[in-house]
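Hi,

Here is the structure I promised to send over. Have a look at it first, and then read on for what turned up when I went through it.

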Amino acid sequence: MIQKPKGTYDVFGDYGKQIKYLENLLNTLMDTYHYEYVRTPIFESSSLFHRGVGETTDIVSKETYDFKDRGDRDMTLRPEGTAGVVRSFIENKMYARADMPVKTWYYGPMFRYERPQAGRFREFYQFGVEVFGTPSPMMDAEVISIPVTLFRLLGLKGIQVKINSLGDQESRELYRTALLKHFQPYLSELCSDCKERYSKNPLRILDCKKDKDLQCMKDAPKLSDYLSESSKKHFEQLKQYLEALGIDYVVDEHLVRGLDYYTETVFEVEADIQGFGSNNVLCAGGRYNHLVEHLDGPQTPGVGFALGYERILSALEKEEITLGEENKVDVYVIPMSEEFNGKTFALTQTLRMNGFITETDYLGRNLKGNFKQADRLLASFLILVGEDEEKEHIYTIKNNQTKEEYQVDQDYIVMFLDEKLQELESSCDDHCQCGHHECHCKEGGCHHHE
Ligand code: ATP
Ligand code: MG
């Protein structure tokens with residue numbers, strides 16, 4: 001039997017429901033924030049990621065899926081979303097639009113050749129936003145507020161927002177020099193990756209997971225001491241905007257993030273949940289004021305983040321939150337015998353066209369078998385199709401819970417079901433923000449069918 005590639009997974013059953021719920025929520029959320037949906041190719045020229053993400057990042061130096069296409073071009077399966085969106089922003093001349101800022105969002109699969117483990121896959125899904133055309137810290141705060149709001153709507157409680165400032169290019173240059181000076185005597189203690197980072201991008205030494213407990217890491221100079229006046233002001237304003245939105249955060253001076261082109265704000269949202277393990281960064285992002293020009297576009301500031309589906313879903317699992325409704329069938333249509341299959345099939349179609357979730361029998365079950373199947377599918381109503389129905393145009397509709405039966409004229413079936421299903425719906429008193437009926441609201445979180 002052929003099996004799925006290592007580090008990938010299939011979506012089906014309950015997991016499928018959860019993903020669908022999450023994506024519906026993302027769609028509504030991004031509509032309210034007034035972001036536009038963008039989609040870019042899953043593979044791009046390899047050079048885009050080399051330049052856009054940076055040669056010294058783990059993502060590019062160790063984790064890409066590279067291949068040559070049949071025309072001998074170097075291609076890479078996208079390991080992240082920002083580079084592609086920036087390329088698209090430039091190539092489609094979005095920078096010339098009058099309605100700045102351009103606020104975009106995307107979701108889709110990303111590919112990284114990593115060692116598979118909990119919360120780490122080779123194909124995984126990200127949701128992200130990229131905003132172009134404003135240097136305002138207000139936009140940094142808006143961008144940070146998106147995952148925070150998402151987690152609130154999902155009911156996730158154990159989360160922590162970490163922010164830091166990398167400063168502008170001038171601040172980074174000063175800091176770079178200080179870091180080189182600081183780490184020089186300790187070079188032999190550092191891991192081989194950090195030795196390379198030392199010459200290419202010393203800032204990223206601070207991001208190292210292997211060396212993070214070394215004394216020389218702890219004593220490293222602080223970026224905050226090297227920030228220019230304007231960077232300090234940007235960071236202070238960001239904090240004020242976050243406070244205005246009621247978002248709790250901590251400043252983490254060691255937060256530098258993988259991308260080479262981050263400037264000013266960087267942030268992460270972590271799961272602060274017992275037993276979550278080390279892959280607890282749910283979401284990461286920052287400002288990149290020079291990436292657009294670096295990829296040959298006009299100077300345009302940008303800010304964005306990306307968030308992994310799999311880690312959110314496992315955080316939800318840890319907090320015992322299940323997303324998604326049970327997929328209840330409104331109406332199950334049953335033929336009394338085989339000769340009524342055609343009529344049954346046609347009625348099923350009519351009901352579907354009128355918006356009812358409708359199911360019927362495809363296996364030639366007997367009446368008893370069909371009643372059982374209707375129960376399995378949690379059908380609210382049953383409709384029986386037999387001789388009387390065909391002749392008299394009067395149908396028997398049965399409430400599958402109360403077992404009450406109604407005789408309904410063919411012309412009134414739609415109206416009847418509409419009314420009855422609405423009654424069922426309103427008998428559930430709590431409605432929640434996610435727009436789902438029959439669920440209970442608990443401090444903003446949706447806990448369906450507890
Ligand atoms: P990490 O430090 O965990 O390797 P990263 O810095 O590589 O993360 P980013 O490139 O910033 O992560 O990606 C943003 C988010 O995408 C992460 O916070 C995480 O939720 C998710 N993510 C990254 N890599 C993977 C992966 N291999 N499998 C599943 N999710 C991932
Ligand atoms: Mg990584």
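Predicted model: local features only at pLDDT ≥ 70, side-chain atom pairs only at ≥ 80, totals over all residues.

Leu-382 stands opposite Lys-398, a residue of strand E15. How much of E15 is covered? Strand E15 spans residues 394-399, and five of its six residues are buried.

Now for the jump to another part of the chain. Leu-382 and Leu-282 are 100 residues apart along the chain, and their C-alpha atoms are separated by 44 Å. Leu-282 belongs to strand E10. Is Leu-282 buried or exposed? Its relative accessibility is 2%, so Leu-282 counts as buried, the cut-off being under 20%.

The sheet

E10 is part of an open sheet of eight strands, which follow the order E1-E5-E6-E11-E10-E9-E7-E8 with mixed pairing. At the edges are E1 (36-37) and E8, each of which pairs on one side only. E1 runs parallel to strand E5 (residues 102-111), and two bridges join them. Tyr-37 stands opposite Trp-105 of E5.

The ligand

What do the polar atoms do? An oxygen atom of ligand 1 is 2.7 Å from an N or O atom in the side chain of Arg-112. The backbone takes part as well: a polar backbone atom of Val-281 is 2.9 Å from an oxygen atom of the ligand, and for a polar backbone atom of Leu-282 the distance to a ligand oxygen is 3.1 Å. On its own, ligand 1 has 590 Å² of accessible area, and the protein covers 89% of this.

Salt bridges

Side chains of opposite charge can pair when their charged atoms come close. In this model the count comes to 25 salt bridges. One of them is between the side chains of Lys-62 and Asp-193, at 3.1 Å from N to O. Lys-62 lies in helix H3 (residues 58-62) and Asp-193 in helix H7 (residues 192-200), so this pair ties together parts that are 131 residues apart in sequence. With 45% relative accessibility, Lys-62 counts as partly exposed. Both residues also belong to a network of salt bridges that links Asp-58, Lys-62, Asp-193, Arg-197 and Lys-210.

Another salt bridge joins Lys-162 and Asp-252, where the closest N and O atoms are 3.7 Å apart. Here Lys-162 lies in strand E7 (residues 159-165), while Asp-252 lies in the loop between strand E8 (250-251) and strand E9 (263-271), so the pair ties together parts that are 90 residues apart in sequence. Why does Lys-162 count as buried? Its relative accessibility is 15%, and buried means under 20%.

The last pair to mention is Arg-352 and Glu-359, whose side chains meet in a salt bridge at 3.4 Å, N to O. Arg-352 counts as partly exposed at 29% relative accessibility, and Glu-359 counts as partly exposed at 24%.

That is what I have for now.

Best wishes

Definitions and conventions
Residues numbered from 1 in each chain as written. Chains lettered and ligands numbered in written order. Heavy atoms only, no water. Polar contact = N/O pair within 3.5 Å; in protein donor to acceptor, adjacent residues only side chain to side chain. Areas by Shrake-Rupley, 256 points an atom, 1.4 Å probe, with all protein chains shown as cover. Salt bridge = Lys/Arg side-chain N within 4 Å of Asp/Glu carboxyl O. Helix = DSSP H or I, 4+ residues; strand = E, 2+ residues; numbered from the N terminus. Buried < 20%, exposed > 50% of the residue type's maximum accessible area, 1.4 Å probe, protein only. Pairing = 2+ DSSP bridges.
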